[in-house]
Amino acid sequence: MVEALRAECRLCEILPVAGMAKSSYEYARNAQAGGETEEHAAARKAVIEASGASGGTYGCRRVYAQASADAGDGAAIGERTVRDIMRDEGLVACAAKKKRRYSSYEGEISEAPESLLRDERGRHRFHADKPNELWITDVTEFRIPAGRACLSPIVGCSGGMPLGWSISTSPDAGMADSSLLGACRWLGEGDHPKIHSDRGCHCRWPGWIGICDENGLVRSMSGKGCGPDNARCEGLCA
């Protein structure tokens, strides 16, 4: 009867008179048709597309929001319908893979000097009373619209200003060595500053160690996996 009247009246007008819920009507219509209704087929397609567009990372609620937005006001999809479709299709949200942050650590490739910036109570001391007494350095990576940019500064702890720095698209030895050579131009007679770094490979290659030896720099390194040991330079690069 409802099907016969749909040609002349809207479904929202027929069902209240017939005393039938829309869900009951859809169930009976689907059972008589022996398959899936056009509305449910469209909903299934929208749910599959919404889940696929997210790379399989969307859960039920985000798929529901996306599918409903794509369908528009005229073809709203119920959240329970979305749940049923995702269960039937085996669509399970998976965690998105996080991009691995850049790390210069490549293992203990050479002997690491101890940290000279900690006192007997384990507190860090990044202060210097005069220029060229304490230097700190780090290598960090930035993501910019043009791609990747790497920065290697040498910072003097007496004034907090970079004494040398270099920028490159690749965090190679040349970048780190050039920034250290740039800072060494500020050395005066009798200056032998401590140069403190993390345990990255840039500060453990023969070229870097040779520059330190030639200019009388005293090497100091953070503890393994201990970011606070180089917090002042980490904060600058951040």
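**Chat about the fold**

A: Strands (E, at least two residues) and helices (H or I, at least four) are DSSP runs, numbered from the N terminus. Keep in mind that this is a predicted model, where local features need pLDDT of at least 70, side-chain atom pairs count only at pLDDT 80 or more, and totals for chains, interfaces and linings use all residues. Residues are numbered from 1 along each chain as its sequence is written, and side-chain values use heavy atoms, with hydrogens and water left out.

Q: How accessible is V218?

A: V218 is partly exposed, with a relative accessible area of 37%. The cut-offs are under 20% for buried, over 50% for exposed and partly exposed in between, using a 1.4 Å probe and protein chains only.

Q: And what does V218 touch?

A: Leaving out residues up to four places away in sequence, V218 touches L116, H192, P193, K194 and I195. Contact here means heavy atoms within 4.5 Å. L116 is 102 residues from V218 along the chain, and their C-alpha atoms are separated by 9.3 Å.

Q: OK, so which way do β5 and β6 run?

A: β5 and β6 run parallel, joined by four bridges. Two strands count as paired if DSSP finds at least two bridges between them. S197 stands opposite M221 in β6. The chain gets from β5 to β6 through α8, and that β-α-β crossover is right-handed. Right-handed means that, with the strands pointing away from the viewer, the path from the first strand over the helix to the second runs clockwise.

Q: What about β1, which strands does β1 pair with?

A: β1 pairs with β5 in the parallel sense over three bridges, and W135 has I195 as its bridge partner in β5. β1 is also joined to β3, by three bridges in the antiparallel sense. There, the bridge partner of I136 in β3 is V155.

Q: Which β1 residues are buried?

A: L134 and I136 on one side, and W135 and T137 on the other, are all buried, so both faces of β1 are covered. As a general point, side chains in a regular strand alternate between the two faces of the sheet.

Q: Switching to α7. How does the helix length compare with what you'd expect?

A: The 12 residues of α7 (residues 173-184) should span 16 Å at 1.5 Å a residue, and the end C-alpha atoms are 17 Å apart, which agrees. The expected span is 1.5 Å times one less than the number of residues.

Q: Which α7 residues are buried, and what covers them?

A: M175, A176, D177, S179, L180, G182, A183 and C184 are buried in α7. The cover includes β1 (134-137), β3 (147-156), β4 (162-168), β5 (194-197) and α8 (206-214).

Q: Which residues touch the most other members in the largest nonpolar core?

A: Of its 15 residues, those are W135, I154, L180, C184, I195, W208 and L217. The elements that give two or more residues to this core are α7 and α8, and α7 has the largest share, four residues. A nonpolar core is a set of buried Ala, Val, Leu, Ile, Met, Phe, Trp, Tyr and Cys residues joined through side-chain atoms within 4.5 Å.

Q: What are the contacts of I154?

A: Not counting residues up to four places away in sequence, I154 touches W135, I136, T137, M161, P162, L163, G164, S179, L180, A183, I195 and W208.

Q: Which other pairs can you show me?

A: D84 and R87 meet in a salt bridge (3.2 Å, N to O). D84 and R87 are three residues apart in helix α6, so about one helical turn separates them. D84 is partly exposed at 28%, while R87 is exposed at 57%. R148 and E141 also form a salt bridge (3.4 Å, N to O). Salt bridges that share partners join E141, R143 and R148 into one network.

Key:
A salt bridge is a side-chain nitrogen of Lys or Arg within 4 Å of a carboxyl oxygen of Asp or Glu.
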